[in-house]
2 protein chains.
Amino acid sequence: MMKYLIIGGVAGGMSAATRLRRLDEQAEIIILEKGPYVSFANCGLPYYLAGEISERSDLLVKTAAQLTKRFKLDIRQNSEVTAINRTDQSVTVKTAQGTYQEHYDRLILSTGAQPVVPAIEGLDSAQHVYTLRNVPDVDQILAQAKASQKAVVIGAGFIGLEIAEALVNRGLQVTIVERGTHVLPSFDIEMAMFVQRALVQHGVTVLTENAVTAFEAAGQTLVLANGQTLASDLTILAVGVQPATQLANAAGLQLGLRKGLIVNDHYQTSDPLIYAIGDAIIVKQTTTNQDTLISLASPANRQGRQVADVLAGKNRLNRGSLGTAIVRVFEMAGGSTGLNESQLQAAGLTYQVLHLSGKSHAGYFPGAETIWLKLLFQPQTGELFGAQAVGPDGVDKRIDVLATAIKAGLTVDDLPELELSYAPPFGSAKDIINLAGYAAQNLMAGDSQSVQWHELAAAMAAGAQLVDVREPAEHQQGAIPGAINIPLDDLRQRMSELPKSNHYIVSCASGLRSYLAERILKQNGYQVQNLDGAYALYALMQPKD
Amino acid sequence: MMKYLIIGGVAGGMSAATRLRRLDEQAEIIILEKGPYVSFANCGLPYYLAGEISERSDLLVKTAAQLTKRFKLDIRQNSEVTAINRTDQSVTVKTAQGTYQEHYDRLILSTGAQPVVPAIEGLDSAQHVYTLRNVPDVDQILAQAKASQKAVVIGAGFIGLEIAEALVNRGLQVTIVERGTHVLPSFDIEMAMFVQRALVQHGVTVLTENAVTAFEAAGQTLVLANGQTLASDLTILAVGVQPATQLANAAGLQLGLRKGLIVNDHYQTSDPLIYAIGDAIIVKQTTTNQDTLISLASPANRQGRQVADVLAGKNRLNRGSLGTAIVRVFEMAGGSTGLNESQLQAAGLTYQVLHLSGKSHAGYFPGAETIWLKLLFQPQTGELFGAQAVGPDGVDKRIDVLATAIKAGLTVDDLPELELSYAPPFGSAKDIINLAGYAAQNLMAGDSQSVQWHELAAAMAAGAQLVDVREPAEHQQGAIPGAINIPLDDLRQRMSELPKSNHYIVSCASGLRSYLAERILKQNGYQVQNLDGAYALYALMQPKD
């Protein structure tokens, strides 16, 4: 009879335990969980903080008692493993009652990730500064939120933004301090700006390219890098997570990238009797095959099941991760899959960018919302590298379809062929994903050439003439300086106003009408490019005062 | 300069025209449209009838004037082509002002499909009997609906059900008469029954395996095949559509399956100067490569663009169609992609069926709805054949992901690997699509064996003992006759009550707990199968009085 020890009883650990039981009714399966709860809804914590999940008990998806009975598990909460003793195949377990050794035949590490706590002056003596990772954390934060007026969230990643929204919902005045140039560092800046705008519209102060350098007055005053100070009754540290591998490291297991655990395709660490899964391990990014760390619930759960399959003798391989993620920030959703521009640059990959906007479902049916989609692909082969989307509705669906397409190795040429479900309440006869494929084909064929928002100033400085093909009323409400206005439907008649010796860039509201203008001009012998994302992206990226 | 004539100015025809213009600024492009409108929202008609789309003008997505100006098109409405004169490359056009000939260099047929009008006794003299295909149709139906109390919809396909719902919304008492065994003939019966139940719950009378055999009293009385009569103030014929190929046939173009137009991969008919797209053409079904007819807006639009690409000299091929569709029926959505069981049987393909239910998003987050998913796949290779899903939310997303997976040639082994966007408002850490992959792997590995709802009676007659592993309270509220009740969590203790000589079938509410029971029993040496879809499907398929 095999004896399995699993360290960590949340996503991956509990998936491994229950799958092991389904495959091996006789095995001894012991779960050692440091905290008071197993199988809790980690991703639900910010929504409980917000009050959207009203019952605390809803966070406890399965209780230890239920799991014990159904899966014949030996679940030990409040049991912290303090050492792995590889030579005698045991772990040292610390509980309130004392310390003991537990033998294993196979050990599974599902220790997860832990919040990074930055070294900030005065942090040690600061009060009401929290990280959010488990139920006791959220209990503390909620109690303090009820007694607070002003909150500061340090870090604008997924969890930081979810907490910021939650605290706004609780009536607090919230400031976000982010070191990078924009919120959601895993997004490219212009896509993140749609989300940042929603935060600002809901009264959140967003301070980017800034940092908290010191806590003063026992944490009630935060000093920023730019010298400014912020008052705070409640401060959240959400600057990211790191693999919780101290235990593995102490046991001499091999670590790699950012102290993540190195495992082989079968989740085996450098000790063949010890396996590891979840946020603690290094995985291969699907496209680049490079090492990466991914702290997401879905891969952790999948890996938990797969390691159980491996241990039960099934041929199951870790096939890597794309890294698909989504966040809701007030009425906006922001989703991404695959690689973003900075990751593509780091990997040395040549890529083409494409932005387009479309509707969540048929425009003539009530409730259609605008989605902005960014596609990244290889300009010669059409290989799909990544996608980002933002909007109030339908973002998850588009990201999921594109994640599936990337996983399957489809190219932009396949996107028009995708037969997506269409009826007016659900989609469009030409879904934005199909349209993205068409637009990419146009770029690859040279039927269209684009200029990105960040390339515009240089192109105009080099002499390009910008032509705004929107209607005069739209132009008057706000236009890019230096643009001349010739509405699309007048372009054929007024083309003679444009000397052929010039180089032109066409723009409209979103990039659709300007593409039509580009085609008219190109076929009339003009040198012309389309401003990708057009005035919408341009305006979004202008500094606000 | 090329002169293109396009017959039909709605989905495919207008897509072809506008793409042609974008690729060829000089070409002469004439669109001949029989009706008064081009580019109208065909799929929006039932929602206008329902009052959900309140403005009639919203149905007219683009007007002829707008399209003419923007794309330099020659759009001729109320212009019916009565003949194609292939020898002199012209068509005969009939208008209110008379008849004329128009020459073409290339002709594109986008004549679509037309409603099948069944030969029913008394139909000729019946009043207030309509089909719904265009704006004048919906104007007539709406006018009559406002003066009606009772309506009968003949045919329970997508359009029939959308019209039935619309008429209920208008306050009418609606009866649906369907010749087949269930509504939504493109779905398998048990999946269609979820939708049928929603219709009944909203007061619609659904008469299946029945037909209208005669109209009496000028259409106010409908005689049914079973002798019953129905009073009707308004009758809709929605028994299906057929390719509108009379014109092509008269011109001697080659027709095939159900009088659909035969075209090659480049949309060329048997006359190399004549191309055809949309509902009128025969396409290859992606999986079987067999001829099929698909009357859907998305393929028509894609084909319109592609035929323009072909005519402009681009290498673009018709790569066939899967046939993805969705319908909203009151609060339920029903979506499907690929092949259903009857199509698989007709194609002679061996398949495995799998049903499972899951939540539209994390169960602990407010608003999670139940989705039922049916997956059809090759039991040895895991090739994905088709999927059907029903539920109030998230059906479109799952069908779109699966349509993408099928198109990409993924297998059930790839489904657990799909990295779908997860945050509690949008999905689950293990999405129902991932779970479907796991369940399929279990079946393929022999870790689970299933019995379908329609196989249960025979299996029990052959001596199988049904074990209901739900809680006693659930069992008492309704159970399958002959089942004994041993709750899952008691099974290990009470296993001795089950003689090993028997063959067992386990069941619960949805099939999840019974799968766990199956694993416990199997590993203890029992011969056991899991009732796929469990009591939920069983109860759904019981005859109602």
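Trainee: Which residues touch the most other members in the largest nonpolar core?
Mentor: Of its 180 residues, A:Leu167, A:Leu375, B:Leu167 and B:Leu375 do. A core here is a set of Ala, Val, Leu, Ile, Met, Phe, Trp, Tyr and Cys residues that are buried, joined through side-chain atoms within 4.5 Å; buried is under 20% relative accessible area with a 1.4 Å probe, protein chains only.
Trainee: And what does A:Leu167 touch?
Mentor: Leaving out residues up to four places away in sequence, its contacts (heavy atoms within 4.5 Å) include A:Leu49, A:Ala145, A:Val174 and A:Ile236.
Trainee: What's the model's ipTM?
Mentor: This is a predicted model, where local features need pLDDT of at least 70 and side-chain atom pairs count only at pLDDT 80 or more. Residues are numbered from 1 along each chain. The ipTM is 0.97 and the pTM 0.98. Chain A has a mean pLDDT (per-residue confidence, 0 to 100) of 97.
Trainee: Switching to chain B, in what order do the strands of the open sheet run?
Mentor: S21-S22-S25-S24-S23, antiparallel. Strands are DSSP runs of E, at least two residues, and two of them pair with at least two bridges.
Trainee: Which ones are the edges?
Mentor: S21 (325-329) and S23 (352-359) of chain B, each pairing on one side only.
Trainee: How many bridges between S22 and S25 of chain B?
Mentor: They pair over 6 bridges, and B:Ser336 has B:Gln388 in S25(B) as its bridge partner.

Methods
Chains are lettered from A and ligands numbered from 1 in the order in which they are written. Side-chain values use heavy atoms; hydrogens and water are left out. Helices (H or I, at least four residues) and strands (E, at least two) are DSSP runs, numbered from the N terminus. pLDDT is the predictor's confidence in each residue, from 0 to 100. Buried means under 20% relative accessible area, exposed over 50%, partly exposed in between (1.4 Å probe, protein chains only).
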